[in-house]
Amino acid sequence: MQMHRFALLLVALAAFAADTLPPDAEQRLAREIYKEMIEVKSGFTTGATTPIAESVAARFKAAGFPASDIYLGGAIPRKANVVVRYHGAGARKPILLLAHIDVVEAKREDWTTDPFVFLEKDGYFYGRGTADDKAQAAVWVDNLLRYKREGFRPDRDLILALTADEEGGGPYNGVDWLLKNHRGLIESEYALNEGARGESIDGKRVSNDIGLSEKQYADFRLEVRNKGGHSARPVPDNAIYHLAGALYRLSTFTFPFQLNEVTRAYFEQMAKIEKGPMAADLAKVAAGDQDAMRRVAAASPPMNAMMRTTCVATQLEGGHATNALPQLAAANVNCRILQEDSVENVLQALKKVAADGQVAITVKTNEGPSPASPMRPDVMKAFARVTDTMWPGVITLPTMAVGGSDGRYLRSAGIPTYGVEGFFQDRDDVRAHGRDERMMVQSFYEGQKFLYELVKVLASPQ
Ligand SMILES: [Zn+2]
């Protein structure tokens, strides 16, 4: 009897495990596409995305997609984007499935293994781009091919766009270029993109994140010019001292706390994940308690960044000789601005904080505002439903990215964009852009299944 129950339990567990994974043949194909993408050196300064775009285009052609539904092109010949349209019934506006196929550069000598050789080892896939963002690119490709093979007829078009230069590179970013030159190709009701994955703590899945907004990026230059002179005859009026004073005052300054719909929802959900006094404080943060915000901000730099605009000194220059009074001292201050705030407000705040008329402050780069995407009930519900089905007990966590993605171009062009991946990783082991980037093998296949089901729900007749 005992044995019998045990056997039943095993069968149930196996059935459940199978439920979070795609069929074997789909896993094999997704892995093959993924491997091929990882092994193309598509670093945004030295590499090329065109071989990936061409190979993807060929796969769709071979699968019977008409040439008129496959677009290959871009601002620079070696940096092609590929856009593929999967036709639906046209009852609603299309959904855009976005991923970038360029990567941050990776040097062989910095890595334990060759970053451009796809390696499966100890339950992980290793290689540059395994997490950011070729897993999602490969999965989108395989899932579309699978829908086609299975005869899935969505009620709306699905548009796949795999793009160049998300990580930098330019001067024309892939998504921005497509918006400006071929908007019709990617015109859609909303986009699904990278930017929020599943989070595990000590191997236990806790939240599946959905990215709804991101902060605005801006750089400011603080500059002091001075007539200088001989350093043997110093005077109090010194460019470096003026700048240092302003930067010191900046180091002790903080912008006010400000929550919005997305970050409030984030803290409400985080209160359910965290344990102990932190959990109580997070609930208070969601309710707007300033004292709790101060405690949480002091304990967690990422949460601090979720609650306020931040500015920090990142580069310095100044002086022209060891034996001369400086004629120039300058600093770059990088700011990440909440959607409710503005570059102009931040500029005024920086001038006030510097409190020194000799410190000239100018805007150096401003990537422009990117409105938060609304918490659409259809998207939020589908996301939570698929999450609950695949991983019961795992919370759907709305997030605001404190860094940036190509979502900002789409959001500011009026296409709401949702960061959805379903790839789980350890919250404290994020290696994107760093050395030995990796993806858990199981997370890759589960993400494949998650995105397959999610898009299917979103594109099925209501
Ligand atoms: Zn990325």
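A: Asp 133 lies in the loop between strand S5 (124-126) and helix H4 (134-150); helices (H or I, at least four residues) and strands (E, at least two) are DSSP runs, numbered from the N terminus. The model is a predicted one, in which local features need pLDDT of at least 70 and side-chain atom pairs count only at pLDDT 80 or more, while totals for chains, interfaces and linings use all residues. Residues are numbered from 1 along each chain as its sequence is written.

The peptide bond that leads from Asp 132 into Asp 133 is cis, with omega near 15°. Most residues other than glycine have a negative phi, and most peptide bonds are trans. Asp 122 is not a glycine, yet its phi is positive, at about 50°. Asp 122 is exposed, because 7 other C-beta atoms lie within 10 Å; the term applies at 12 or fewer such atoms, buried at 20 or more and partly exposed in between, with C-beta atoms placed from the backbone.

A positive phi, near 50°, is also found at Asp 436, again a residue other than glycine. Asp 436 belongs to the loop between strand S18 (424-426) and strand S19 (438-440). With 16 other C-beta atoms within 10 Å, Asp 436 is partly exposed. His 87, in the loop between strand S2 (81-86) and strand S3 (92-100), is partly exposed with 14 such atoms within 10 Å.

Among the helices, H8 (residues 261-273) has 13 residues and spans 19 Å from its first C-alpha to its last, close to the expected 18 Å, a figure given by 1.5 Å times one less than the number of residues. Its buried residues are Val 262, Thr 263, Ala 265, Tyr 266, Phe 267 and Met 270. Their cover includes strand S9 (204-214), helix H9 (276-286), helix H11 (301-307) and strand S16 (395-401), where contact requires C-beta atoms, placed from the backbone, within 7 Å.

H9 also meets helix H10 (residues 290-299): their axes come within 8 Å and cross at roughly 125°. Axes are lines fitted to C-alpha atoms, for helices over the stretch in contact, and angles run from 0 to 180 degrees between N-to-C directions. H9 is therefore oblique to H10; angles under 35 degrees count as roughly parallel, over 145 as roughly antiparallel, 65 to 115 as roughly perpendicular and the rest as oblique. The crossing of H9 and H10 is left-handed, meaning that the near helix is turned anticlockwise from the far one by less than a right angle, whereas clockwise gives right-handed. Asp 281, Leu 282, Lys 284 and Val 285 of H9 make the contact with Ala 292, Met 293, Arg 295 and Val 296 of H10.

Helix H13 (residues 377-390) and helix H15 (residues 441-458) have axes that come within 10 Å and cross at roughly 140°, so H13 is oblique to H15. This crossing of H13 and H15 is right-handed.

Note on methods
Contact = placed C-beta atoms within 7 Å.
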